[in-house]
Amino acid sequence: MSFTKRTGILELGECTGNLGFQDVEGVGSAAESINANPAEKQDSAAVTLVSDAAEEYTQIKPYAGMPKEVLLLYSSQARYRVPREILFWLTVACTLALVALTITVIALSPRCLSWWQISPVYQIYPRSFRDSDGDGVGDLKGIQEQLDHFQYLNIKSVWISPFYRSPMKDFGYDVEDFQAIDPLFGTMHDFEELLVEMHNKGLKLIMDFIPNHTSDRHRWFNLSRMRDPHYKDYYVWADCNETAPRPNNWVSVFGNSSWTYDEVRGQCYLHQFLKEQPDLNFRNPHVRQEMIDIIHFWLGKGVDGFRMDAVKHILEAAHLRDEPQVDPNKPPESVTSEWDLHHDYTTSQLGLHDLLRDWRAEMDIYSREPGRYSGLWVQHLVHLWMANMPKGQWPNWVVGNHDKPRIASSAGQSYMRVINMLLLTLPGTPTTYYGEEIGMENINVTDSQIQDPAGKYNASASRDPQRSPMQWNDDINAGFNNKTNITWLPVHPDYKSVNVEVQKKDEGSVLAQYRFLNTLRQSELPLHRGWFCYIHSDASVFSYLRELDGLNRAFLMVLNFGKESAITDLSSISELPDQLEVLMSTNQANDGKVIKKSHILTEAGEGLVIQYSTHTRFNPNHPKQCYVSEKACYLGAIDILYKC
């Protein structure tokens, strides 16, 4: 490196490392430029000042620290501009492709199941679930004390029978105040605490909604019978004679005439249930609004949904004509039972569905017996619903409840498990009445013990046997009430062996199997979203498939409702593999067994859940045997459902 000082300018020469800078085309080397005489140098400088700045560096290669003029010059060259543009448009294309894919996935994905479709609905009869204060009657605090039971069962939705303020003529279904809690069950504060705790545990609360009628102690009825201008048409009134109060031949569900004479008003009022339960007049727009206000009241508190009671009775024909008799030759005066008439004018009247749709729209605002059972008969019952259900709708299934005998009593203890298996593997939402998960049975109730109003009218119609206290453990009163020896109905004598605590310790218990099936149902797409296909039924066995297009696993159910063991031959079902493995049997000893599809042995009351792998679907070739609420397919590559 050499440098000299001339006329005050430091001569760099070899110090310049950029060769392009040293050898500019058409110009001498940098050293020559520097060694030029001053006059020439001044002329050159003048030219440089006049010329464009970018032109000065036409041949200079990019280097660190270059001025922006050089950077802009080179960024516009093809070898730099073209890759940059390619990269830009690739980024745009990828972004658009990602947006398109997202939109496609959203458009093709089936809608998510609602909360009421995911889990069985567990019904609580509050008088009988858990007594927290020792008065012999279950209450809201008692329900709160047992919320862990639902989590143990993997239950998400709980329906609580009525706890409104009521004279209890029909144990809460005669409502005196739709916006108050009956003291028998607690306070509004108790309810609010229960609701908060349920939501904290991820549970949904469904209330019983009773729109058809009120108690005769309701404020509306008292004002209506006084002919208050606003309330006079809140109920269904008709002229009648005090000595013969029968405007027509309509009969109550509980028997005898549906009409009762009211001395205060001097007319008869309609009651399709007890005389203490007058029917509301839903042709009055004020009544409709009252019910909407009640819905808003409870939804505003955070209630998740409603179970509608006595829906088909809500509207009656305005003409009030006699209903046709089942037996036309029967003397009219002997028509005293609901079974004596065809209910053409008192049930399912025109306009009922519009009313229900209106209520649903309001709710959407807040959206956030052995021997009698056989395979053919069960398939008939299932098909009766599935074949008549509107396309795309969601079924629900109920076997036992507060008005019907318990499963173990009506079908027999031997069939308890297989019926639970049926309910939890059919498409739709199963409903479980409290105690069915442990196989509770009806109790025997003597005439002196009858509490049910229907039973007091007709002992054989009493619903008390299926309403006995819940059996939690083998403690006093089965753990329903451990403070006093008082229960509103007797506890079943088998409570020491049939209770939650005992069955939790037994992997083969009714409770354990219920819990397993419910968990399986919620975790397996074919069981809660897939196709339902009949494949076999005979005098004993009902068998069906649950499968999902695109998913390589499916489930086969083989349920024996007969009185004897049976061998089922499914060799004609080509879509099934020859060898099958039992995932679960109601007889625990058969869990995990490998069987042939041509020889599937089941004992009386036994049910099998069989999981198998296949790439061949049954439903495409058997459309008349298969049903699905909303068709969806599975794409395993990215683990999503899509509309197909």
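Which cysteine does a disulfide join to Cys533? The partner is Cys626, with an S to S distance of 2.2 Å. Please keep in mind that this is a predicted model. Searching the whole structure turns up 3 disulfides, and each one is a covalent bond between the sulfur atoms of two cysteines.

**The pairing pattern**

- If you number the bonded cysteines of the chain in sequence order, they pair as 1-2, 3-4, 5-6.

**Cys240 and Cys268**

- Cys240 and Cys268 are joined by a disulfide, at 2.0 Å from S to S.
- This link of Cys240 and Cys268 is right-handed, with 90 degrees about the S-S bond.
- Cys240 sits in the loop between strand S8 (237-238) and strand S9 (259-262), while Cys268 belongs to strand S10 (residues 267-270), so the pair ties together parts that are 28 residues apart in sequence.
- Cys268 has a relative accessible area of 0%, so this residue is buried, the cut-off being under 20%.

**Cys533 and Cys626**

- The disulfide between Cys533 and Cys626 is right-handed, because the torsion about its S-S bond is about 120 degrees.
- Cys533 is part of strand S14 (residues 531-537) and Cys626 is part of strand S22 (residues 626-627), so this pair ties together parts that are 93 residues apart in sequence.

**Cys633 and Cys644**

- In the disulfide formed by Cys633 and Cys644, the sulfur atoms are 1.9 Å apart.
- The link of Cys633 and Cys644 is right-handed, with 85 degrees about the S-S bond.
- Cys633 lies in strand S23 (residues 633-635) and Cys644 in the segment after strand S24 (640-642), so the parts that this pair ties together are 11 residues apart in sequence.
- Is Cys633 buried or exposed? Cys633 counts as buried, because its relative accessibility is 8%.
- Cys644 has a relative accessibility of 41%, so this residue counts as partly exposed.

**One further cysteine**

- Cys94 counts as exposed, because its relative accessibility is 53% and the cut-off for exposed is over 50%.

How values were computed
Residues numbered from 1 in each chain as written. Predicted model: local features only at pLDDT ≥ 70, side-chain atom pairs only at ≥ 80, totals over all residues. Heavy atoms only, no water. Disulfide = S-S within 2.5 Å. Helix = DSSP H or I, 4+ residues; strand = E, 2+ residues; numbered from the N terminus. Buried < 20%, exposed > 50% of the residue type's maximum accessible area, 1.4 Å probe, protein only.
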